[in-house]
Amino acid sequence: MVLAQLGGSISRAIQQMSNATIIDEKVLNDCLNEINRALLNADVQFQLVRNMQNNIKKIVNIEDLAAGHNKRRIIQQAIFNELCKMLDPGKPSFTPKKGKPSVIMFVGLQGSGKTTTCTKYAYYHQKKGWKPALVCADTFRAGAFDQLKQNATKAKIPFYGSYTESDPVRIAEEGVETFKKENCDLIIVDTSGRHKQEASLFEEMRQVSEATKPDLIVFVMDSSIGQAAFDQAQAFKQSVPVGAVIITKMDGHAKGGGALSAVAATKSPVIFIGTGEHMDEFEVFDVKPFVSRLLGMGDWSGFMDKIHEVVPKEQQPELLQKLSEGNFTLRIMYEQFQNILKMGPIGQVFSMLPGFSAELMPKGHEKESQAKIKRYMTMMDSMTNEELDSSNPKLMNESRIMRIARGSGRHVREVMDMLEEYKRLAKIWSKMKGLKIPTKGDMNMR
Ligand code: GDP
């Protein structure tokens with residue numbers, strides 16, 4: 001995952017500092033220098049890194065650290081706040097209203113994922129009951145219209161474009177007019193991207209913007225963009241009033257710091273992130289949970305809220321206790337499955353913790369997931385207490401697996417799948433071992 005390495009390096013620097021017996025100016029400086037190096041290595045712009053260091057120094061009081069207050073928490077909180085500040089310009093972007101026509105124009109370099117993102121954005125809103133439409137004002141790249149047309153057709157979203165008209169301004173204007181008449185409430189205009197900043201690209205962008213009067217201009221940026229990100233994003237912002245950012249390819253292994261810089265350059269919030277090539281690999285972006293996870297802190301407040309919401313009250317203390325012991329048995333899995341079936345996806349709870357992907361309950365497949373969970377539970381009904389209460393997967397040898405399959409009327413393969421699922425969850429669970437789960441009053445990370 002993008003930026004994961006940065007999160008790891010920062011956490012290590014903080015850990016090293018909190019291991020020191022005496023915290024003085026030097027130890028703090030060493031820690032901050034280490035963090036700076038990590039940020040620069042991740043391609044965050046130099047000036048931003050410097051500002052961040054200065055701000056942290058202003059906030060962190062060395063006497064507090066020396067007095068033995070929770071050093072790790074103090075520094076982590078300061079870094080957390082600074083990274084949030086970098087990603088959050090403090091003012092929300094324009095929010096379109098359902099039923100009222102809004103024009104959203106997408107800009108960005110070629111290959112950034114702009115066309116794909118236009119469709120993802122339309123599809124996301126369509127699923128929520130909007131009436132989106134796509135306009136292809138990219139007359140520069142051969143095949144751009146075909147690509148948009150293909151995506152739009154797949155998602156059953158109306159589109160507008162031309163094979164013969166070469167004036168992007170005209171197409172954009174006509175497209176927007178057409179869809180306004182058709183009462184579409186989200187008219188998305190895809191514009192040309194070029195390889196690099198070019199005067200003609202910016203001029204064209206300005207003209208399309210003037211002609212269509214967009215309510216929001218979204219700057220689409222590839223997360224792998226390096227140190228050049230800040231200048232590029234700024235150049236876009238200077239040409240047209242960029243109001244929001246979408247970062248794509250967050251599923252890759254890019255260093256990702258350029259993305260942080262670009263957000264700072266445009267002073268606009270990130271509204272969504274792209275996490276894959278498919279239409280539904282698109283997520284709403286929320287700064288605090290993102291930075292929390294980045295720093296390996298987990299989204300504790302969200303996690304606790306979910307636990308309180310999903311898990312029955314009387315089971316909560318025991319579940320939290322078991323979580324901190326890191327001892328995951330098949331019986332715990334069984335009990336959590338019962339909760340899932342009763343109250344909705346506990347996958348949501350775990351997805352807030354670092355390292356967990358909601359594989360058990362993928363979005364859009366809730367029915368199948370529920371059926372799978374019920375099957376798993378039938379198989380577990382054929383297990384002995386010893387098997388259910390053990391956290392040792394080796395206990396489940398071949399003859400036990402055959403017996404469980406026979407007892408539950410399922411295939412051996414299915415029992416093995418269930419045990420794989422158990423091992424996967426146990427691995428995640430074990431990561432929480434020893435973690436001090438914050439109490440309600442302690443949750444100041446949000
Ligand atoms: P454009 O030139 O900016 O319009 O870029 P495209 O939309 O054509 O995308 C360029 C490539 O990036 C395509 O192969 C897309 O499938 C891919 N792409 C776009 N968004 C994502 C993403 O979030 N993750 C991944 N892995 N690939 C993406």
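Modeller: We begin with residue classes: Ala, Val, Leu, Ile, Met, Phe, Trp, Tyr, Cys and Pro count as nonpolar, Asp, Glu, Lys and Arg as charged, and the others, Gly among them, as polar. In the shell around the ligand, no residues are nonpolar, 13 are polar and four are charged. This is a predicted model, in which local features need pLDDT of at least 70 and side-chain atom pairs count only at pLDDT 80 or more, while totals for chains, interfaces and linings use all residues. Residues are numbered from 1 along each chain as its sequence is written.

Biologist: How many residues surround the ligand, and which are the closest?

Modeller: A residue is near a molecule if its C-beta atom, placed from the backbone, lies within 6 Å of it. Here 17 residues surround the ligand, and Gly113, Lys114, Thr115, Thr116 and Gly274 are the closest. Helix 6 contributes the most to this shell, with three residues.

Biologist: At what angle do the axes of helix 6 and helix 7 cross?

Modeller: Helices (H or I, at least four residues) are DSSP runs, numbered from the N terminus. Axes are lines fitted to C-alpha atoms over the stretch in contact, with angles from 0 to 180 degrees between N-to-C directions. The axes of helix 6 (residues 114-127) and helix 7 (residues 144-154) cross at roughly 25° and come within 10 Å. Helix 6 is therefore roughly parallel to helix 7, a term for angles under 35 degrees.

Biologist: Which residues of helix 6 meet helix 7?

Modeller: Two residues are in contact if their C-beta atoms, placed from the backbone, lie within 7 Å. Thr115, Cys118 and Thr119 in helix 6 meet residues in helix 7 including Ala144 and Leu148.

How values were computed: Helix = DSSP H or I, 4+ residues; strand = E, 2+ residues; numbered from the N terminus. Parallel < 35°, antiparallel > 145°, perpendicular 65-115°, else oblique.
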